[in-house]
Each structure stands twice: as C-alpha cells, then as structure tokens.
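Subject: Structure for you to look at, with notes

Dear colleague,

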Amino acid sequence: MPTELVAALDIGGTKIAGALVDRRGGILVRARRPTPAREDGETVMRAVEEVLAELAAAPRWASVRAVGIGSAGPVDAARGVVSPVNIPGWRDYPLVERVRRASGGRPVTLVGDGVAMTAAEHWRGAARGHDNALCLVVSTGVGGGLVLDGKLHTGPTGNAGHIGHVSVDLDGDPCACGSRGCVERIAGGPHIARRALDNGWRPGPDGDVSAAAVAAAAHAGDPVALAAFERAARALAAGIAATAALVELDIAVVGGGVAGAGGVLFAPLRRSLREYATLSFVRDLTVVPALAGTDAGLLGAAAAAGGPDREPAAPAA
Ligand SMILES: [Zn+2]
C-alpha cells in the first residue's frame, strides 16, 4: 500500500513553497512561486493555486490525505483566514476555504509560520524528544511557538507562543504592534542594526547596514556591534525566562536569519538567561540553535496537518 502523504504550503512575503511530504518528513515533490505580494489578493491566490496544481500533477498526489499551511501572520486558524502584514492584498482572506477547493476538498490545517517552525523543530530538529519547548524565529521580526506536554500548542487562532510581542522593557520604545519594549522591538534584525548605527557603528565600503553586517563586525571584535547583539540577547533571554516561568520549559530553540550570527548572539543569550532564569524549575533550561533548516516551514506545515502522527519519525539525517 502506498504511504499516505500530506501536501504542505509555506506562504511568506517573498515566496510560496509547496511540497508533498511523507510521514517520515521526506520531501517527495516540490513546487515554488514568488509571492506577488504587492498585487491584489486574487493574484496572490493564483500563485498558491499554481503551486497546488504543480503538486497535483505528480502521480503521488492520489496518496495525499490532508493539506497543511504555514503562513506569515497574523493568521486566524479558528476562522480559516489570514492577514499577513507583508501581503496587504490579504486581509481576513479565506485561505483555508480557497485551498480546500483547490485541493479536491481535502481537509486543511492552518498555522502561523512561528508555530510551523516549532512543529518542524519538534518533529525533525533541535526540539526533538523534548516535551516542553519554546522555538523562536529571530529575523526581521521575532516569532515563535510552543510545545507543551509533548504536543504542539497552537492556541485557538494558531498564534500561541508569539514571543516577539512580549514586552521586556516597560517604558521601552513603541513597537509596530502598538505596545512598548517588545522583544521584537529590541531583537529584530533591523532594530539590532539601528541600535548599532545610533551608537556609532559604521558599515564597510559595501554600505551593508543589515544585522548580518553588524554580526560580521561583532565577530571582528567591534565593541558597538557586540553591544547591539548583547542587548538583543538580553531581550530574548528575558522573554524566554518569562515563558519558562509560566509554562516550565526544558529547551529553547532559536532559529531565523539573526540566529545565523552564532556565538555573538548565543554566548550573551546563555549568559543573560542565567541572570533572568533563576528559580529551581527554570535554571536548567538550555538554549540551542535550530536544526530543521530551510525546509522548516514545509515540514512544520506537514507536521501541523498530522504528517508524523501515524508513524514514528525516522532518525534525523
Ligand atoms: Zn510588539
């Protein structure tokens, strides 16, 4: 009997990726389109439908029993609608119903991209084997998701674990979300870069003022660049410690572009965590880099749709 499959969609502001995923996390067929993010909602949906049509043309499509979607947020899984900040044509867009129609009436599960990344890390990555985990995506924004008591905790609308908008600085700078001093307002890539620039860091001849350029300067020993990452690390540590105190975590997994900075982020993050996570039941919490890689969005969407439920995952490659 052929293995049952899940069709996965990973929808972001830059690309729409799709795949047929087996129960062990193997990716059998792929399809991809750029996201026409500045076009109207129907044009964006056509790109999603093209990805699905390409997957449906594969002979294995007949074995697909469900569709999982990980989308840029906010999402509302309870209502099946999405309003991604970086896809203005979609506001309360009925993505679940449209994907259901485009995939022959198969059941559709929707989660936010932070929750999808968490599902992937729990299934195939650094949170594997951990029953209580917080996974963070630190890039332009800061997202996240939770595994509690061994299960993905999505929350009613699919946004639980969104640590980027936990405030860690009561009188801090206003955040795009309307609050103040959010983790994202301090640890998001553009905010790391801005802080470095404000304190006198200057880019090299290529004029690159990204967080990656600040990370390179930090690795070269630039004290202002190091301090910008130190500040981001403290914000992340405070958010992680608060989450651990609330729900009892045994691991925090940090991925995303900013996490690519490596030691200049993780060393102060671990140090700060010892400062903020002090009670006996949070003291042993560890922080590790994410492992699921560039396919995390697809694997997570598949996992959220029940991909791994019927068969134990094979050891990670
Ligand atoms: Zn915020």
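The model is a predicted one, in which local features need pLDDT of at least 70 and side-chain atom pairs count only at pLDDT 80 or more, while totals for chains, interfaces and linings use all residues. Residues are numbered from 1 along each chain as its sequence is written. Helices (H or I, at least four residues) and strands (E, at least two) are DSSP runs, numbered from the N terminus.

For the angles below, axes are lines fitted to C-alpha atoms, for helices over the stretch in contact, and angles run from 0 to 180 degrees between N-to-C directions. Angles under 35 degrees count as roughly parallel, over 145 as roughly antiparallel, 65 to 115 as roughly perpendicular and the rest as oblique. A crossing is left-handed if the near helix is turned anticlockwise from the far one by less than a right angle, and right-handed if clockwise. Two residues are in contact if their C-beta atoms, placed from the backbone, lie within 7 Å. As to residue classes, Ala, Val, Leu, Ile, Met, Phe, Trp, Tyr, Cys and Pro count as nonpolar, Asp, Glu, Lys and Arg as charged, and the others, Gly among them, as polar.

Helix α5 (residues 189-198) packs with helix α7 (residues 223-247) at an angle of about 140 degrees, their axes being 9 Å apart, which makes α5 oblique to α7. The crossing of α5 past α7 is right-handed. On the α5 side the contact is made by I192, R195 and A196, and on the α7 side by V224, A225, A228, F229, R231 and A232; these residues divide into seven nonpolar, no polar and two charged.

Helix α6 (residues 211-219) also packs with α7, at an angle of about 115 degrees and with the axes 7 Å apart, and here the crossing is left-handed. V214, A215, A217 and A218 of α6 meet A225, L226, A228 and F229 of α7, a contact with eight nonpolar, no polar and no charged residues.

With helix α8 (residues 263-276), the axis of α7 comes within 8 Å and crosses at roughly 45 degrees, and the two helices are therefore oblique to each other. α7 passes α8 in a right-handed crossing. The α7 residues that take part include L226, F229, A233 and L236, and among their α8 partners are V264, L265, P268 and L269; by class, this contact has 15 nonpolar, one polar and two charged residues.

Burial

A residue is buried if 20 or more other C-beta atoms lie within 10 Å of its own, exposed if 12 or fewer, and partly exposed in between, with C-beta atoms placed from the backbone. A233, found in α7, counts as buried because it has 26 C-beta neighbours inside 10 Å. Leaving aside neighbours within four places in sequence, A233 is in contact with L265, P268, L269 and S272.

In helix α2 (residues 95-102), the buried residues are L95, V96 and V99; seen down the axis of α2, they fall within an arc of 95 degrees (taken from the directions from the helix axis to the C-beta atoms), so they line one face of the helix. These buried residues pack against α1, β4 (64-71), β6 (81-82) and β7 (108-112).

For helix α9 (residues 296-304), nine of the nine residues are buried, so the helix is largely enclosed by the rest of the structure. By contrast, E42, in helix α1 (residues 41-56), is exposed, with 12 other C-beta atoms within 10 Å.

Backbone details

Most residues other than glycine have a negative phi, and most peptide bonds are trans. A cis peptide bond joins G73 and P74, with omega about 5 degrees, and P74 is found in the loop between β4 and β5 (75-76). D92, in the loop between β6 and α2, has a positive phi, near 50 degrees, without being a glycine, and D92 is exposed, with 11 other C-beta atoms within 10 Å. E248, which lies in the loop between α7 and β11 (251-255), is not a glycine either and has a positive phi of about 65 degrees; with 14 C-beta neighbours inside 10 Å, E248 counts as partly exposed.

With best wishes
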